[in-house]
Amino acid sequence: MLNLKQTLLPISLTAVMPLHAQTKADYTTESQPQCRSKNTDIIYIMLDDAGYGDILAENDLRLPNIDRMTDEGLLFTDHYAGAPVSAPSRCSLLTGRHTGHAYIRGNKEYRSEGQEALPLSEITVATVVKENTGYKTALFGKWGLGAPDSPGWKEGHGDPLRHGFDRFYGYLCQRQAHTYYPSYLWEGRDGRWTKDKLDNEYSHSLITEKALDFINECHETEQPYFLYLAYTIPHAMLQIPQKYVDEFYGDKNWPPLKKNFAAMMSLMDRDVGRILEAAGKENTIVFFTTDNGPHREGGANPKWFRSAGDFRGIKRQVYEGGIRVPLIVWGKNIRPGTTDHPSAFWDFLPTVTDILGIEKAYPTDGISYASTLFGTGNQKEHEYLYWEFHETDCKQAVRKGNMKLVRMKAHTGKSTFELYDLSRDQSEKRNLIKKDPETAAALMKIMQEAHTDSAVFPDIKPFALPESESQ
């Protein structure tokens with residue numbers, strides 16, 4: 001058994017790749033089916049605001065089922081969320097595009113309910129699966145890409161049932177998901193929407209039961225499926241029935257909110273175990289991750305359980321602590337161990353097409369990591385990984401090989417740049433911008449190439465390359 005829940009340093013990183021920019025035209029790639037496994041059930045479990053360290057650091061959280069997945073499955077140590085906040089990260093996951101090309105690039109809010117709606121023109125992984133297989137598809141948990149009050153909802157924009165999901169139960173709006181005791185949750189099925197009115201019921205448990213019912217129903221009918229289980233734990237308000245606090249951490253003399261956070265994580269872990277048991281390992285592949293780095297909302301403190309590990313930054317920052325997330329893949333034919341293959345949310349769509357043998361090509365910035373999952377073929381590598389974030393002063397980041405460039409205040413003409421060598425400085429404490437101007441200039445050029453203008457999210461401003469690079 002691997003003992004991976006230790007201190008996060010050192011974590012091996014890939015060797016430095018040559019610094020040459022990928023052009024905008026390169027972002028459409030074709031799937032390369034190598035590891036076909038038709039009729040394999042696929043479950044993607046995503047937490048909300050859990051940090052890298054919450055899952056992998058040595059701490060006092062009791063997560064036996066996540067530890068089991070890590071021991072029996074494949075752990076990606078260099079995996080990244082789509083963005084440092086929820087909506088753009090989820091858009092990146094589902095559409096296979098990084099935030100330089102994705103439609104949703106920030107948490108743009110609408111009242112009384114909803115965020116910027118994902119247009120019908122955007123292809124999601126659920127749509128790809130539904131159109132090319134006989135799979136049933138379902139999303140239980142948080143959507144965050146459109147709700148009834150979002151512009152275009154009546155035309156189908158932002159409607160998960162119009163984006164490839166046969167069923168939905170949970171929160172359409174991110175703000176509604178700030179509480180675990182909402183007055184209602186949305187249910188979508190057969191093209192119709194209803195409100196499930198609640199009476200002091202814990203939403204996480206309701207969502208889990210819907211997921212288990214879906215899995216069991218598919219097994220009874222021998223129906224292959226794709227399930228996206230978007231849990232809200234441990235996001236926002238640290239709410240949980242007291243019985244679980246007493247059960248999991250009654251022996252701890254901790255402040256109440258710290259106990260609540262820990263109990264939420266342990267209840268989630270127990271329910272993940274129930275999902276694994278219901279799904280079975282023989283014909284299922286389960287992906288487990290979190291949507292961005294840890295938060296300080298609702299009284300949470302990232303220092304309690306080393307939530308960011310040894311990384312710098314938290315949610316809403318493009319430092320490693322805000323975007324580096326664990327990815328654990330467990331199940332049918334997955335090789336056990338660890339990999340430092342650099343990957344990101346936008347790789348999920350081409351990976352699914354590989355696994356299911358879908359040969360049709362779709363626009364994506366992603367590269368399938370199926371070869372890494374199964375230990376077959378030659379794994380293709382990214383030229384670079386890119387992020388932009390349209391809130392809190394705007395930020396951009398590029399990682400190429402072990403070198404990472406961060407741009408701060410990208411919404412102004414007074415931006416500052418920071419350069420880090422992640423192979424020697426994972427905590428991003430030593431800014432090399434003055435010591436290595438050549439690498440910085442090359443990454444700046446990639447940053448310019450990776451960004452496309454957006455009328456909906458127009459905040460990122462252009463910048464001039466250093467004179468020697470721009471000529």
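Trainee: Why are helix 6 and helix 7 called roughly perpendicular to each other?

Mentor: Good place to start, and keep in mind that this is a predicted model. Helix 6 (residues 242-249) and helix 7 pack at an angle of about 85 degrees, with their axes 9 Å apart. Angles of 65 to 115 degrees count as roughly perpendicular, so helix 6 and helix 7 are described that way.

Trainee: Which residues of helix 6 and helix 7 make the contact?

Mentor: Helix 6 brings Tyr244, Val245, Glu247, Phe248 and Tyr249, while helix 7 brings Lys259, Asn260, Ala262, Ala263, Ser266, Leu267 and Arg270. By type, the residues of this contact are seven nonpolar, two polar and three charged.

Trainee: How do you know that Ala397 is buried?

Mentor: Buried means under 20% relative accessible area. Ala397 has a value of 0%, so Ala397 is buried. You will find Ala397 in strand 14 (residues 395-400). Beyond its neighbours within four places in sequence, Ala397 touches residues including Val318, Leu385, Trp387, Val406 and Met447. The C-alpha atoms of Ala397 and Trp387 are separated by 5.2 Å, although these residues are 10 apart along the chain.

Trainee: Which residues have the most contacts inside the largest nonpolar core?

Mentor: Leu227, Met265 and Phe288 do, in a core of 58 residues. Its largest share, 12 residues, comes from helix 7 (residues 256-279). Apart from this core lies another, of 53 residues, with Ala87, Tyr135, Trp143 and Leu349 among them.

Trainee: What is Met265 in contact with, leaving aside its neighbours within four places in sequence?

Mentor: The contacts of Met265 are Leu47, Ala50, Asp54, Ile55, Leu61, Leu63, Ile233 and Pro234.

Technical notes: Residues numbered from 1 in each chain as written. Predicted model: local features only at pLDDT ≥ 70, side-chain atom pairs only at ≥ 80, totals over all residues. Heavy atoms only, no water. Core = buried A, V, L, I, M, F, W, Y, C linked by side-chain atoms within 4.5 Å. Buried < 20%, exposed > 50% of the residue type's maximum accessible area, 1.4 Å probe, protein only. Helix = DSSP H or I, 4+ residues; strand = E, 2+ residues; numbered from the N terminus. Contact = heavy atoms within 4.5 Å. Axes fitted to C-alpha atoms, helices over the stretch in contact; angles between N-to-C directions. Parallel < 35°, antiparallel > 145°, perpendicular 65-115°, else oblique. Nonpolar A, V, L, I, M, F, W, Y, C, P; charged D, E, K, R; others polar.
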